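Let's take a friendly walk through a structure together. Keep the picture open beside you and look for each part as it comes up.

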Amino acid sequence: MGVSLNFFLGLSAILFSVGLVGVLLRRSPLTILLSLEIMLNSVNLTLVAFSREVGGSDGQVFALIVMGIAAAEVVVGLGLVVAMTRREMVLDTDELRTLNG
Amino acid sequence: MGIVVFFLAAAAAIATAVAVVAQRNPFVSALALLGNLVSLAVLMLLLEAQFVAIAQIIVYAGAVMVMFLFVIAYVGPRGEVGPGERKPWQVWLAILAGTLIAIEVIVVTYGATFEDWAEIDGNYGSPAAIGQELVTNYLLAFEVVSVILFMGAVAGVIFGTGGRPRRLSNDEVLAKETESAELRRREASRAVLDATRESMGEGS
């Protein structure tokens, strides 16, 4: 394989920061959840790349477990979005400031 | 060959990630994330992690994204809050923070020298190898994930169906009471009207 590990890590860093910018910049909770998925997936790529580098399966098991946790997190986040819609609240994170200090 | 596939998939991954963040419509964002997941699965295949790549497609692109699209369709146009509604300094600060983190990680990893890729046999990354690890060395983590998924399912049901209805504010309560009083008054007068009409009909 002609690609070195550094390329995978660089790509992962770029994807992670794109997701970070999305979380910081967007106000719709749906898009924030989608950006979070990008961040989680870039970390998964890092785990799989390092796993390939050392030749063990541990990183891949870690990536699978991250996938499971991400699925649970998405269920809770989307449940909150549905609950907000049912109570006719505005889907805008800047409007949700009941707990704002 | 590997390097061509890598750069194609990397370009696709970055382009779709930027599309997810920049798109106004959450439906288009979700479809772009689908492309991102598929290109990451290609990269994982390049790293010979077959099982993780297929699980990525089945679990993420299949199950999670269908759930996302369902909720986006349920919420409808209310889910749209465009990226242009932040103040300009917030936009620049967010982009600066993201660029700094990317540059930091790239500088650190560029300077590092890694050993060559390890020698692997044909069994590497196969479902059998991963499953063996999951039920022997990582059994506790496996079980904990199942408990967390169960808790997530319960939380989703409670958030999505139950919960107390929204509490009304004082003004709304007042408005509702006057409305029902008005209705009751109107009904009563209509009953009186009907009764008089009836009695008049009988009289004539």
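In this predicted model, the largest nonpolar core has 60 residues. The residues with the most contacts inside this core are Leu15(A), Val48(A), Leu43(B), Met44(B) and Val52(B). The points below begin with that core and then move on to other parts of the model.

- The largest share of the core comes from α1(A), which gives 12 residues.
- As background, nonpolar side chains tend to be buried together in soluble globular proteins.

**Where the two chains touch**

- The contact between the chains involves 74 residues of chain B and 62 residues of chain A.
- On the side of chain B that touches chain A, at least two residues each come from α1, α2, α3, α4 (88-111), α5 (127-135) and α6 (139-161) of chain B.
- Which of these gives the most to that side? It is α4(B), with 12 residues.
- By type, the residues on this side of chain B are 54 nonpolar, 12 polar and 8 charged.

**Chain A as a whole**

- Chain A has 3 helices and 0 strands, so read from the N terminus its elements run α-α-α.
- The C-alpha atoms of chain A fill a box of roughly 55 × 25 × 25 Å along the principal axes.
- The radius of gyration of chain A is 17 Å, while a compact globule of 101 residues would have one near 13 Å.
- Of the 101 residues in chain A, 50% count as buried.

**A residue to look at: Leu11(A)**

- Leu11(A) sits in helix α1 of chain A.
- Is Leu11(A) buried or exposed? Leu11(A) counts as buried because it has 25 C-beta neighbours inside 10 Å.
- Leu11(A) and Leu45(A) are 34 residues apart in sequence, and their C-alpha atoms are 9.0 Å apart in space.
- Leaving aside its neighbours within four places in sequence, Leu11(A) is in contact with Ala10(B) and Ala13(B).

**A helix pair in chain B**

- Two packed helices are described by the angle and the distance between their axes.
- The axes of α2(B) and α3(B) come within 9 Å and cross at roughly 175°.
- Angles over 145 degrees count as roughly antiparallel, so α2(B) is roughly antiparallel to α3(B).
- The contact includes Pro26(B), Leu37(B) and Met44(B) from α2(B), and Val52(B), Tyr60(B) and Ile72(B) from α3(B).
- The residues of this contact divide into 20 nonpolar, 2 polar and no charged.

**The loop between those helices**

- Glu48(B) is found in the loop between α2 and α3 of chain B.
- What is the phi of Glu48(B)? Glu48(B) has a positive phi of about 65°, although it is not a glycine.
- Glu48(B) is partly exposed, with 19 other C-beta atoms within 10 Å.

Technical notes: Residues are numbered from 1 along each chain as its sequence is written. Chains are lettered from A and ligands numbered from 1 in the order in which they are written. This is a predicted model: local features need pLDDT of at least 70, side-chain atom pairs count only at pLDDT 80 or more; totals for chains, interfaces and linings use all residues. A nonpolar core is a set of buried Ala, Val, Leu, Ile, Met, Phe, Trp, Tyr and Cys residues joined through C-beta atoms within 7 Å. A residue is buried if 20 or more other C-beta atoms lie within 10 Å of its own, exposed if 12 or fewer, and partly exposed in between; C-beta atoms are placed from the backbone. Helices (H or I, at least four residues) and strands (E, at least two) are DSSP runs, numbered from the N terminus. Two residues are in contact if their C-beta atoms, placed from the backbone, lie within 7 Å. Ala, Val, Leu, Ile, Met, Phe, Trp, Tyr, Cys and Pro count as nonpolar, Asp, Glu, Lys and Arg as charged, and the others, Gly among them, as polar. The radius of gyration is taken over C-alpha atoms; the globule rule is 2.2 Å times the number of residues to the power 0.38. Axes are lines fitted to C-alpha atoms, for helices over the stretch in contact, and angles run from 0 to 180 degrees between N-to-C directions. Angles under 35 degrees count as roughly parallel, over 145 as roughly antiparallel, 65 to 115 as roughly perpendicular and the rest as oblique.
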